[in-house]
Amino acid sequence: MDANDNRHGLTQWHSTTIIGVKRDDKIVIAGDGQVSMGNTVMKPNAKKVRRIGEGGKVVAGFAGATADAFTLFERLERKLERKLEQHNGQLLRAAVELTKDWRTDKYLRNLEALMIVADKENLLVLTGNGDVLEPEGGIAAIGSGGNYALSAAKALVDYETDAETIARKAMAVAADVCVFTNGNVTLETV
């Protein structure tokens with residue numbers, strides 16, 4: 001099976017490099033804008049990083065290999081907003097509850113996807129397997145160009161102190177190396 005084929009024999013959408021960087025009192029999540037199918041760029045300006053929750057106090061970025069990734073992001077976004085309300089805005093507790101739902105939902109549990117979420121205190125990676133991970137060193141990256149962005153950011157932390165600068169430079173490296181990542185970056189800060 002070709003690397004661009006999923007388990008059902010359909011061409012997968014390759015979309016996304018998302019990076020989260022936590023430095024001092026600032027957390028930044030950035031994502032590229034490219035959505036590709038096979039060798040074709042289907043959309044160069046998708047917005048994969050969004051503010052969610054009451055007052056936009058939480059930022060989330062979504063990476064997945066399925067054609068309906070954006071619909072699923074919206075579904076998870078609504079669930080996370082409800083969990084935040086139930087747990088008085090506590091992102092860590094809401095994230096744990098969301099991943100439990102994600103893991104047990106018949107439709108969502110088949111999703112090969114990851115999310116990075118952040119508020120003022122937390123930077124977390126969420127998976128459909130029920131994992132809630134706090135990244136070591138305050139840097140997390142997901143998606144097809146995630147390893148490139150992560151490596152670049154880890155190299156930059158000794159030289160850069162600003163989270164936004166690190167995120168932007170890491171995204172530029174990923175865009176230069178990963179064919180499924182472009183330089184059209186959406187960035188949100190909490």
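This is a predicted model: local features need pLDDT of at least 70, side-chain atom pairs count only at pLDDT 80 or more; totals for chains, interfaces and linings use all residues.
I began with Leu-80 and looked up its neighbours beyond four places away in sequence: Leu-80 touches Ile-52, Val-58, Leu-91, Ala-94, Ala-95, Leu-98 and Val-117, where contact means heavy atoms within 4.5 Å. Residues are numbered from 1 along each chain as its sequence is written, and side-chain values use heavy atoms, leaving out hydrogens and water.

Next I looked up the largest nonpolar core, which has 19 residues. Such a core is a set of buried Ala, Val, Leu, Ile, Met, Phe, Trp, Tyr and Cys residues joined through side-chain atoms within 4.5 Å, with buried meaning under 20% relative accessible area (1.4 Å probe, protein chains only). Leu-80 is among the residues with the most contacts inside this core, and so are Trp-102 and Met-115. Helix H2 (91-104) is one of the elements that give two or more residues to the core, and H2 supplies its largest share, five residues. Helices here are DSSP runs of at least four residues, strands of at least two, numbered from the N terminus.

Then I turned to Ala-141, in strand E11 (residues 139-143). The C-alpha atoms of Ala-141 and Met-115 are separated by 9.5 Å, with the two residues 26 apart along the chain. Not counting residues up to four places away in sequence, Ala-141 touches Ile-18, Ile-19, Ile-116, Gly-146, Ala-149 and Leu-150.

Key. Buried means under 20% relative accessible area, exposed over 50%, partly exposed in between (1.4 Å probe, protein chains only).
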